[in-house]
Number of protein chains: 2
Amino acid sequence: MPEENIVYIGSKPVMNYVLAVVTQMNSGVSEVVLKARGRAITRAVDVAEIVKNRFIPGMGVENIDICTEEIVGNSGVSTNVSTIEIQLKKDK
Amino acid sequence: MPEENIVYIGSKPVMNYVLAVVTQMNSGVSEVVLKARGRAITRAVDVAEIVKNRFIPGMGVENIDICTEEIVGNSGVSTNVSTIEIQLKKDK
C-alpha cells in the first residue's frame, strides 16, 4: 500500500480541494485523508460530499475522527481549536 | 433505552449547546446526537470536543456521519448543503 495521502483543507475555494482529491484518486491511490481545523472543518465535509456525490460514486467515507489542538498565539495565550480527519476510500 | 436525544446546533454561542448536552447527559441519558448543517458543522465539532474534554471525561464519540441535503430557496433555486451527525455516548 502506498503512503497515506493527505489533503489539507484551508481557506481556498472548495473546488480546489475537490480537484486535488479526484486527481489523487485517479492516479491509482485508493485512500485519501482530508485534514482540516477550525472553520475549514465545514469545507472538509463539503469536499468529501462533493467528491462522493459528483465525481467518484464508488468512493465512501471510511472513518471520521475529531480532535482538539492547542495553539499558542504570539501573545503567549493558548487557544483550543477543533480538528477533523475524514478518511475517504474507493472500492477497487 | 430512551428515545434518541437530539441537539440541533445553530448559530448561538457554543456554550449554549454544551450546556444542553451536559444537562441531557446528567438527566440520565447515555446517548446524545448532535445535528448541524452548513457553517454550524464546525460548531458541532467544537461542542463535542468541549463536552468530552472539559465536562464529561467518560464520554466519547461513538460515530460521525456526514450527508448532503438539498435546500430549495424562495427563488426556486436549489442548493446543496452538507450536514453532520455526531453521536456521543457516555460509559455507564
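**The interface, close up**

Modeller: Start with chain A: 67% of its contacts (heavy atoms within 4.5 Å) between residues at least 6 apart in sequence join residues at least 24 apart. This is a predicted model, in which local features need pLDDT of at least 70, side-chain atom pairs count only at pLDDT 80 or more, and totals for chains, interfaces and linings use all residues. Residues are numbered from 1 along each chain as its sequence is written, chains are lettered from A and ligands numbered from 1 in written order, and side-chain values use heavy atoms, without hydrogens or water.

Chain A has two helices and four strands. These are DSSP runs, numbered from the N terminus: helices are H or I with at least four residues, strands E with at least two. Their order from the N terminus is β-α-β-α-β-β. The C-alpha trace of chain A spans about 50 × 30 × 20 Å along its principal axes. Of its 92 residues, 39% are buried, meaning under 20% relative accessible area with a 1.4 Å probe, protein chains only.

Now the interface. Here 19 residues of chain B contact 19 residues of chain A. The buried area is about 1,400 Å², and carbon and sulfur atoms give 62% of that. Buried area here is the accessible area (1.4 Å probe) that two parts lose on being put together, summed over both. Thr42(B), Ile64(B) and Ile66(B) supply 40% of what chain B buries against chain A, more than any other three residues.

Which elements of chain B supply at least two residues each to the side that touches chain A? Helix H2 (40-55), strand E3 (59-72) and strand E4 (78-90) do. H2(B) gives the most, with eight residues.

Polar links come next. Across the interface, seven residue pairs are in polar contact, both residues at pLDDT 80 or more. A polar contact is a pair of N or O atoms within 3.5 Å; within protein, one must be able to donate a hydrogen and the other to accept it, and residues adjacent in sequence count only if both atoms are side-chain atoms. The rule finds zero salt bridges there, taking a Lys or Arg side-chain nitrogen within 4 Å of an Asp or Glu carboxyl oxygen.

Notes: Buried means under 20% relative accessible area, exposed over 50%, partly exposed in between (1.4 Å probe, protein chains only).
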